[in-house]
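Below is a brief report on one chain, written to be read alongside its sequence and model.

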Amino acid sequence: MLKWLAKKLNIQFNDGERSIQIGNVTGNVIVQHGANQEELLKERALVEALMPKVPWPPIRDFMDRTFNTRQVKALNEHQLYRLRRYVETVIRNRDQAKGVK
């Protein structure tokens with residue numbers, strides 16, 4: 001059905017990795033670069049490794065406020081980096097308050 005509709009509407013689908021699309025565009029253009037899947041998985045693993053070290057409610061509230069989601073898997077590479085840095089800051093501040101280095 002999708003192929004038939006694409007043929008009738010002259011639509012092209014390009015979902016390959018590192019694909020390039022060329023054409024004319026009118027109006028506003030938003031460019032999004034796809035994250036390398038390996039980098040995304042590495043960043044997610046780093047975040048998930050840190051999560052047990054901090055209480056969940058403040059992290060959940062930060063994610064709700066900042067990303068409108070509570071699911072780590074819903075975040076893109078830049079959001080994961082920001083979350084990881086936030087969690088690291090929470091851990092560092094907690095350790096400083098306890099006098100741990």
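## Overall layout

From the N terminus on, the order of elements is α-α-α-α. The model is predicted. Its secondary structure amounts to 4 helices and 0 strands. The chain has 101 residues, of which 20% count as buried. It exposes about 8800 Å², and carbon and sulfur atoms supply 51% of that area. Among contacts with a separation of 6 or more, 56% join residues 24 or more positions apart.

## The α3 and α4 pair

Two packed helices are described by the angle between their axes and the distance between the axes. Here, helix α3 covers residues 56-67 and helix α4 covers residues 77-98. They pack at an angle of about 145°, with axes 11 Å apart. The crossing of α3 and α4 is right-handed. By class, their contact has 9 nonpolar, 2 polar and 2 charged residues.

Which residues of α3 and α4 meet? From α3 come P58, I59, F62, M63, R65, T66 and F67. From α4 come Q79, R82, L83, Y86, V87 and V90.

## The nonpolar core

The largest nonpolar core has 15 residues. Those with the most contacts inside it are I59, M63, V72, L83 and V87. Helices α2 (37-50), α3 and α4 each supply at least two residues of this core.

L83 is worth a look of its own. Leaving out residues up to four places away in sequence, L83 touches V47, I59, F62, M63, F67, V72 and L75.

| Residue | Place | Relative accessibility | Class |

What does R84 contact, leaving aside its neighbours within four places in sequence? The partners are E43, L46, V47 and L50. V47 is also among the residues that L83 touches.

Exposed means over 50%.

Terms used:
Residues numbered from 1 in each chain as written. Predicted model: local features only at pLDDT ≥ 70, side-chain atom pairs only at ≥ 80, totals over all residues. Heavy atoms only, no water. Axes fitted to C-alpha atoms, helices over the stretch in contact; angles between N-to-C directions. Left-handed = near helix turned anticlockwise from the far one by under 90°. Contact = heavy atoms within 4.5 Å. Nonpolar A, V, L, I, M, F, W, Y, C, P; charged D, E, K, R; others polar. Core = buried A, V, L, I, M, F, W, Y, C linked by side-chain atoms within 4.5 Å. Buried < 20%, exposed > 50% of the residue type's maximum accessible area, 1.4 Å probe, protein only. Areas by Shrake-Rupley, 256 points an atom, 1.4 Å probe, with all protein chains shown as cover.
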